[in-house]
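The sequence and the structure are shown first.

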Amino acid sequence: MKWDPAKYAQFGDYRDRPFFDLTARIHADNPRLVVDLGSGPGNLTATLAERWPKAQVVGLDSSPEMLAQAGGRRATTPNLSFSLADITAWVPPEEADVVVTNAALQWVPGHRELLPRWLDALRPGAWFALQVPGNFNSPSHTLMRGLAESESWSGRLSGVLRHDGVVGEAAEYLRIMLDAGCDADAWETTYLQLLPGENAVLDWVRGAGLRPVLAALSGEDARAFEAEYSARLTEAYPPSVHGTVFPFRRIFAVARKRE
Ligand SMILES: C[S@@+](CC[C@H](N)C(=O)[O-])C[C@H]1O[C@@H](n2cnc3c(N)ncnc32)[C@H](O)[C@@H]1O
């Protein structure tokens, strides 16, 4: 499934803000190696390289399209690099003092089983910070799934959308981190995103949650699905003179391995 970096970067401020809310809770002074798992277009990874200029900052991602976009940032930031890698096979190197993963683990089935292993491998004092969307039961997702499972679409879209247990609740990440011998802090925030333009919510999900559906359908079918879905979205998220309010819940957890 291909990622479109330009589409993903649309609504940059709303997509970026949770990253800064997350990383504000990391209090590492002088990390040697900082790893960003699922670094995407790399703009946020670059801010880690600026924050810790003495650290080596490495972004890992499995999408060649995203890496191509990220690669251009290396020239201006010498302590920043990116590599093609699958998060599921990643093992923390000994010198990893900070690990960040923002809006990526929802694409990694089984990440809650990987998390204790990653935390176990980190040295005392190291940080692990994660953020995942917590909106799988919001109308934007339930309407998409309802339509995909309807009689007219299920033949073409069966099994394309995952839903049950894609991410944990904040309390679950907190427990995993505490069980792994970390001090931990977990919370959730619902951002009331005010989106501009017509079909604002459709435009938002095109850059992320709707991608598996669009990838599974031909051009004509994709357009027909979008038209039906868009009508349902407009009912659930009515536009106002100020724009369309799109509440987006996100889940955060930050661990520091106890010394
Ligand atoms: C929604 S984007 C988030 C990008 C970036 N962290 C940000 O916050 O802007 C999710 C990224 O996770 C990457 N990803 C998904 N599954 C992955 C895996 N198994 N291994 C590595 N990267 C993965 C995708 O390629 C994509 O670039």
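**Overall fold**

The model is predicted. The chain has eleven helices and seven strands. Its radius of gyration is 19 Å, close to the 18 Å given by the globule rule for 259 residues, so the chain is as compact as a globular protein of that length. The C-alpha trace spans about 55 × 40 × 35 Å along its principal axes. Of the 259 residues, 39% count as buried. Among contacts with a separation of 6 or more, 77% are between residues 24 or more positions apart.

In soluble globular proteins, nonpolar side chains tend to be buried together. The largest nonpolar core of this chain holds 46 residues, and the members that touch the most others are Trp-127, Phe-128, Ala-253, Val-254 and Ala-255. Another core lies apart from it and has 18 residues, including Leu-157, Leu-202, Leu-210 and Phe-246. Returning to Phe-128, its contacts beyond four places in sequence are Val-99, Trp-118, Leu-119, Leu-122 and Ala-255.

**Strand β7 and Phe-248**

Strand β7 covers residues 244-257 and contains Phe-248. Is Phe-248 buried or exposed? Phe-248 is buried, because 20 other C-beta atoms lie within 10 Å and the cut-off for buried is 20 or more. If residues up to four places away in sequence are left out, Phe-248 touches Asn-135, Thr-190, Tyr-191 and Gln-193. The C-alpha atom of Phe-248 is also 6.4 Å from that of Leu-192, although the two residues are 56 apart along the chain.

**Strands β1 and β2**

Strand β1 (residues 33-37) runs parallel to β2, and five bridges join the two. Within this pair, Leu-33 stands opposite Gln-56 of β2. Strand β2 is largely enclosed by the rest of the structure, because five of its six residues are buried.

**Ligand shell**

The ligand is surrounded by 21 residues, of which Gly-38, Gly-40, Ser-62, Ser-63 and Trp-107 are the closest. Two elements, α2 (12-23) and β2 (56-61), each give two or more residues to this shell. By class, the shell is made up of eleven nonpolar, seven polar and three charged residues.

**Residues with positive phi**

Most residues other than glycine have a negative phi. Two residues that depart from this pattern are set out in the table.

| Residue | Phi | Loop |
|---|---|---|
| Ala-103 | positive, about 60 degrees | between β4 (96-102) and α5 (111-121) |
| Asn-199 | positive, about 50 degrees | between β6 (182-195) and α9 (200-206) |

How many C-beta neighbours does Ala-103 have inside 10 Å? Ala-103 has 21 of them and therefore counts as buried. Asn-199 has 17 other C-beta atoms within 10 Å, so Asn-199 is partly exposed.

Note on methods: Residues numbered from 1 in each chain as written. Predicted model: local features only at pLDDT ≥ 70, side-chain atom pairs only at ≥ 80, totals over all residues. Near = placed C-beta within 6 Å. Helix = DSSP H or I, 4+ residues; strand = E, 2+ residues; numbered from the N terminus. Nonpolar A, V, L, I, M, F, W, Y, C, P; charged D, E, K, R; others polar. Buried ≥ 20, exposed ≤ 12 C-beta atoms within 10 Å, placed from the backbone. Rg over C-alpha atoms; globule rule 2.2 N^0.38 Å. Contact = placed C-beta atoms within 7 Å. Core = buried A, V, L, I, M, F, W, Y, C linked by C-beta atoms within 7 Å. Pairing = 2+ DSSP bridges.
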